[in-house]
Amino acid sequence: MADVLERVTKIIVDRLGVDESQVTLEASFKDDLGADSLDIVELVMELEDEFNMEISDEEAEKIVTVGDAVNYIKSRL
Amino acid sequence: MLEGKIALVTGASRGIGRAVALELARQGANVIVNYAGSEAKANEVVETIRSLGREAFAVQADVASAADVERMVKAALDSFGRLDILVNNAGITRDNLLMRMKEEEWDAVINTNLKGVFLCTKAVARPMMKQRYGRIVNIASVVGVIGNPGQANYVAAKAGVIGLTKTAARELASRHITVNAVAPGFITTDMTEALSAEQKETMRNQIPLARFGEPDDVARVVAFLASDAAGYMTGQTLHVDGGMVMP
């Protein structure tokens, strides 16, 4: 399961250009990682590709922190 | 100018859309030819594009249907693997005086001419964002700027397209996707053939260049906006109307 966090972290680091150490489960995409709303849309798109799943707009809106993303993905695997 | 680019043109079986599809192909693009009902005419456009040495295929889709639009964009991506250019051209008219306009007439035109642009733009934004490249050109109309009696639905939709163009331009600019509009004036197509001789004469008198436009007049400007030559333009509406409207 650590694998999910690893893969999510890599995407976040690549996309947002943040340091890996900043990507904690509690980190908010917007407040802590400097993502704007379009960055979050893109992150969700990349997570969909990485994990081969569809994330609905309603579900995507609930993803605020890194932990939210990891938990959502785990719940769908 | 468009060598190897992949373009999707909605409403490409006739009129301005047909001219746009052919012009993009002449400039080197491969083209997905969308049509709603005119299958035979769409196939003719496809054949003409192939005779120019470009790839093309036709896709039936009602742009007012999200499911149809998603199927169309998927077909384009499945075939070509990317999508560089979207031309939102599909449009209809249901003219009537405001006082006599039926709700169905209003809805039909808004759904195809405005909602259709939203749905197609939304559907292509995803692949274009990933590519970090995209050119979206919306066909508006000068009447969307100045109004026109008997066309409340059409004018509202076209004015809406101009606003949508500006917003999409702002939202997508950071991903190197440009969104512009072309506002044709009086262009000789099936749509304008329906007007009476008197109406045409009145229109002609308002055109400084003193002639009606041809679909190719519009198509060349669309091709420019779809090219890298227009890379520093976004959110703009270019009038192609013989000088009829000078905003």
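1. First, the ground rules. This is a predicted model, where local features need pLDDT of at least 70, side-chain atom pairs count only at pLDDT 80 or more, and totals for chains, interfaces and linings use all residues. Residues are numbered from 1 along each chain as written, chains are lettered from A in written order, and side-chain values use heavy atoms, without hydrogens or water.

2. On the interface: eight residues of chain B are in contact with 10 residues of chain A (contact means heavy atoms within 4.5 Å). The buried area is about 740 Å², with carbon and sulfur atoms giving 45%; that is accessible area (1.4 Å probe) lost on putting the two parts together, summed over both. Arg126(B), Met129(B) and Arg175(B) supply 59% of what chain B buries against chain A, more than any other three residues.

3. The rule finds six salt bridges between chain B and chain A, each a side-chain nitrogen of Lys or Arg within 4 Å of a carboxyl oxygen of Asp or Glu. One of them joins Arg175(B) to Asp39(A) at 2.5 Å, N to O.

4. Now to Thr165(B). Which helix holds Thr165(B)? Helix α6 of chain B, residues 152-172 (helices are DSSP runs of H or I, at least four residues, numbered from the N terminus). Thr165(B) counts as buried because its relative accessibility is 0% (buried means under 20% relative accessible area, 1.4 Å probe, protein chains only). Its side chain reaches the backbone oxygen of Val161(B) at 2.6 Å.

Key: Helices (H or I, at least four residues) and strands (E, at least two) are DSSP runs, numbered from the N terminus. Buried means under 20% relative accessible area, exposed over 50%, partly exposed in between (1.4 Å probe, protein chains only). A polar contact is a pair of N or O atoms within 3.5 Å; within protein, one must be able to donate a hydrogen and the other to accept it, and residues adjacent in sequence count only if both atoms are side-chain atoms.
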